[in-house]
Amino acid sequence: MSRSVLAALTSALLASAAIAQTSPPAPPAPVDAVDPFIGTAGEGHTFPGAVAPFGMVQLSPDTLVGPARKSYNWAAGYRHEDPTILGFSHTHFSGAGHSDLGDFLVMPVSGDAVSLEAGDAAKPGSGYRSRKANEVASPGYYAVTLTDPGVRAEMTAGTRVGVHRYGFPAGKAVHLVLDMRSIIYDYPGKILWSSLRIRPDGTITGMREVRGWAAPRRLFFAMRFSAPMTGHKFVSTEGDIGYRGFKGPGRGPETLDAIAGRALVASLDFGVLARPLEVKVALSGVDEDSAIANLVAEPGDFDAIRARTRAAWADALGRVEIAAPAPARRNIYTALYHSLMAPGIWADADGRWRGPDDQVHEGAHDGTSFTFHSTFSLWDTFRAEHPLLTLIQPAAKNADFVNSLLASQRTSPFGILPVWQFAGKETWTMIGYHAVPVIADACLKGLPGIDCRDALKAMVASADYRPYGGLGDYMTLGYVPIDREPEAASKTVEYAYDDWTIAQLARKLGDAATAEGFEKRAANWRNSFDTKTGFLRARLANGSFRTPFDPAAINYGSDYTEGNAWQYSWFVPQDQEGLFRLMGGDAKAVAKLDAMFSFDNSKIDYSHAEDIAGLIGQYIHGNEPSHHVAYLYAYAGMPWRTQERLKQIVDSQYKPTPDGLAGNDDLGQMSAWLVFTSLGFYPVAPGSGEYVIGRPFVDRAVLNVNGKRFTVVAEGLSDTNRYVGRVMLNGKALERSFVRDEEIRAGGELRFTMQATPNKRWATGVQARPFSMSGHDSR
């Protein structure tokens with residue numbers, strides 16, 4: 001090699017090394033960008049523990065104590081600021097506004113003495129509760145140091161299993177407390193019955209039945225250990241009731257191999273161990289033997305389960321590729337993570353599941369196999385979470401969700417679709433029949449694996465079930481009367497929207513009679529809109545509006561559901577143009593939107609209203625009825641105003657901190673809003689096949705949609721360049737303020753050019769606006 005060539009090669013290598021040293025490090029992988037502690041303080045109600053995507057098990061710490069057991073603030077069983085941990089239970093809601101679960105609490109104890117009581121959080125050593133330190137969490141993994149027993153506790157979870165790993169101090173005796181009495185949102189008599197028994201191979205199985213939020217709810221478990229037990233103690237703290245098992249000489253009730261009762265607790269002894277103790281727990285809604293089968297169906301130790309779940313999260317999160325500054329990227333990927341927890345799997349590994357009729361059913365119907373899912377917070381998640389899942393989850397998973405809803409309708413004692421369901425049971429929480437838009441949206445998007453004609457029948461059955469929520473009067477009068485049904489104004493408009501989605505699907509399926517009937521019902525929102533005041537109001541059965549009327553008042557059980565006239569007067573997603581006409585036209589509608597955001601709340605006390613958080617005037621981002629409102633400026637031909645409001649909301653309502661969510665995440669809806677909004681569009685009216693364009697909050701993103709790549713690019717995005725200058729779809733100017741679902745599914749590129757000043761000419765014309773049923777047909 002010549003000297004000149006060698007010198008050139010050396011120079012090139014040195015230059016490459018210099019570039020490598022000065023180049024910024026690659027951003028963390030999506031799975032490493034997630035912070036599960038976001039939302040675990042403030043009003044978020046999320047938990048930091050281990051869960052697989054849509055997993056049956058949510059293995060997470062509980063910190064609740066004393067009065068907190070009944071408190072709204074501990075709906076997930078955990079608050080980040082709490083200094084102590086009660087133990088680790090296997091079921092939790094992520095961001096719910098109500099609470100239950102916290103099943104089968106396990107807590108490690110070291111040394112000679114074992115207390116079977118939690119003790120006082122303010123008095124260390126008074127029970128098995130411990131102070132905490134050094135918490136870490138990532139998707140599928142959680143760890144903490146329990147400083148009182150000196151134990152490093154680690155958690156991971158598979159689909160139907162959770163695995164604990166406890167590192168104990170050297171030379172100290174190893175114990176576990178299994179407390180069957182502990183439950184989130186506790187009250188006397190909530191636990192109806194429970195049982196424990198040791199199988200011949202050392203497996204512990206058990207169950208409990210509770211009369212909580214979804215009642216009665218039965219859950220079964222199977223538990224195995226990486227080391228053999230050297231002893232155990234089963235105790236009923238309500239007296240020796242329901243014992244069974246060996247009763248030979250010298251064996252009192254505390255050493256029986258089986259026990260049943262309402263208040264059970266156990267200590268499990270393992271002697272001194274040279275290695276960490278692993279505890280593997282599987283759940284089932286069917287029976288104990290099925291829990292054992294679920295345990296067998298997911299083989300492997302802690303590290304193997306953790307690796308599989310991490311890979312599952314990497315795949316699920318990687319379906320959205322995000323380039324953005326680190327804080328925003330962490331916020332968005334955590335939001336995506338929270339959007340992928342529910343609906344959770346409720347079927348066992350063999351496909352069987354316990355339904356709303358409390359009977360066990362097979363995971364197939366008319367030759368179609370599916371995995372039954374539950375935990376449907378439909379009043380929240382129909383808005384953005386389910387539309388998001390139709391894009392970023394496989395079609396088969398979305399078919400599982402829909403087929404689970406349809407299976408619930410077939411097995412419901414009432415013959416209707418779920419309202420708010422978990423563990424296969426109905427809670428009757430919230431209003432509307434919002435399984436309907438979830439099903440209609442999936443069918444209208446053409447997702448395979450769903451019998452949409454059968455689905456239409458189930459949707460109509462729910463919409464025509466007269467005993468539910470004032471539906472009889474709604475069908476007769478055209479509105480829900482407040483003197484016969486609480487929250488009547490909200491119910492009227494929510495029923496009307498659901499009815500519109502039924503009409504949309506019926507029209508697609510060629511059922512003209514059903515379509516026409518429900519299109520007429522979809523206009524019922526007009527019957528509760530008062531043109532004199534410009535607000536949605538509750539009416540009496542005689543047709544008059546109820547008085548007195550205060551549009552800013554929030555009183556539960558009154559005219560509105562978790563809100564007031566300011567929020568609910570905008571809920572006409574199927575006919576925003578019709579609403580604007582009743583308000584007096586675009587200019588007056590925009591003025592009213594502005595008045596909503598700028599409303600002075602200084603003289604109003606909402607402290608009694610738990611779900612009212614994240615206020616910007618009368619816009620309440622912490623609760624779902626407001627979630628579409630910022631996008632409504634686009635329906636008035638002023639999309640630049642939507643861009644302004646979205647910047648205001650994102651900056652004030654989301655932070656990459658434990659208190660970073662303005663309100664309950666509500667099983668992923670609050671998070672799904674951020675994911676969509678960050679991408680630059682949002683599903684204001686699921687069932688329309690359209691997403692209203694806002695403005696992006698990422699430099700670049702790629703949606704991997706069933707094998708196609710849809711890319712969003714934001715040229716020049718910065719805090720200064722907060723407005724959309726122009727939009728290009730696949731290289732051509734896009735002059736409308738919406739993008740169609742089929743355009744996203746086909747793959748391609750949506751390119752935004754951002755600028756510092758509003759473009760008041762883009763997407764202003766009537767034909768450029770999103771769909772409204774009584775206005776133009778923008779499709």
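In strand E33, which residue is the bridge partner of Phe-681?

Author: It's Ile-693 of E33 that is the bridge partner of Phe-681. Before we go on: this is a predicted model, where local features need pLDDT of at least 70 and side-chain atom pairs count only at pLDDT 80 or more, while totals for chains, interfaces and linings use all residues. Residues are numbered from 1 along each chain as its sequence is written, and side-chain values use heavy atoms, with hydrogens and water left out.

Now the strands around that pair. E32 and E33 (residues 690-693) run antiparallel and are joined by two bridges. Two strands count as paired if DSSP finds at least two bridges between them. Together with E38, they make an open sheet of three strands in the order E32-E33-E38, with antiparallel pairing. At its edges are E32 (681-682) and E38 (738-740), each of which pairs on one side only.

E7 is mostly covered, with six of its six residues buried. Here "buried" is under 20% relative accessible area, "exposed" is over 50% and "partly exposed" is in between, using a 1.4 Å probe on protein chains only. In a regular strand, side chains alternate between the two faces of the sheet. Both faces of E7 are covered: Tyr-141, Ala-143 and Thr-145 are buried on one side, and Tyr-142, Val-144 and Leu-146 are buried on the other.

Five bridges link E6 (residues 130-138) to E7, running antiparallel, and Lys-132 has Leu-146 in E7 as its bridge partner. The two strands form a hairpin with two residues between them, where Gly-140 in the turn has a positive phi of about 85°. E7 also pairs with E8 (residues 151-157) in the antiparallel sense, over six bridges. Leu-146 turns up here too, with Val-151 in E8 as its bridge partner. This hairpin has four residues between the strands, and Gly-150 takes a positive phi near 70°.

Next, a helix against strands. Among the residues of H3 (288-297), Glu-288, Ser-290, Ala-291, Ile-292, Asn-294 and Leu-295 are buried. They pack against E9 (161-167), E11 (191-198), E12 (204-210), E13 (217-225) and E17 (277-284). At the start of H3, a side-chain oxygen of Asp-287 comes to within 3.3 Å of the backbone nitrogen of Asp-289. The cut-off for such a polar contact is a pair of N or O atoms within 3.5 Å; within protein, one must be able to donate a hydrogen and the other to accept it, and residues adjacent in sequence count only if both atoms are side-chain atoms.

Leaving out residues up to four places away in sequence, Arg-181 touches Leu-116, Glu-117, Ile-191, Arg-208, Thr-237, Ala-263, Leu-264 and Val-265. Contact means heavy atoms within 4.5 Å.

Gly-318 lies between H4 (302-317) and E18 (320-323), and with 25% relative accessibility it counts as partly exposed. Apart from neighbours within four places in sequence, Gly-318 is in contact with Pro-30, Trp-313 and Asn-704. Gly-318 and Leu-536 are 218 residues apart in sequence, and their C-alpha atoms are 42 Å apart in space.

Finally, a covalent link. A disulfide is a covalent bond between the sulfur atoms of two cysteines. The rule used here asks for cysteine sulfur atoms within 2.5 Å, and by that rule there is one disulfide. Its partners are Cys-443 and Cys-452, with sulfur atoms 2.2 Å apart. The torsion about their S-S bond is about -100°, so the disulfide is left-handed. Cys-443 is buried, at 4% relative accessibility, and Cys-452 is buried as well, at 15%.
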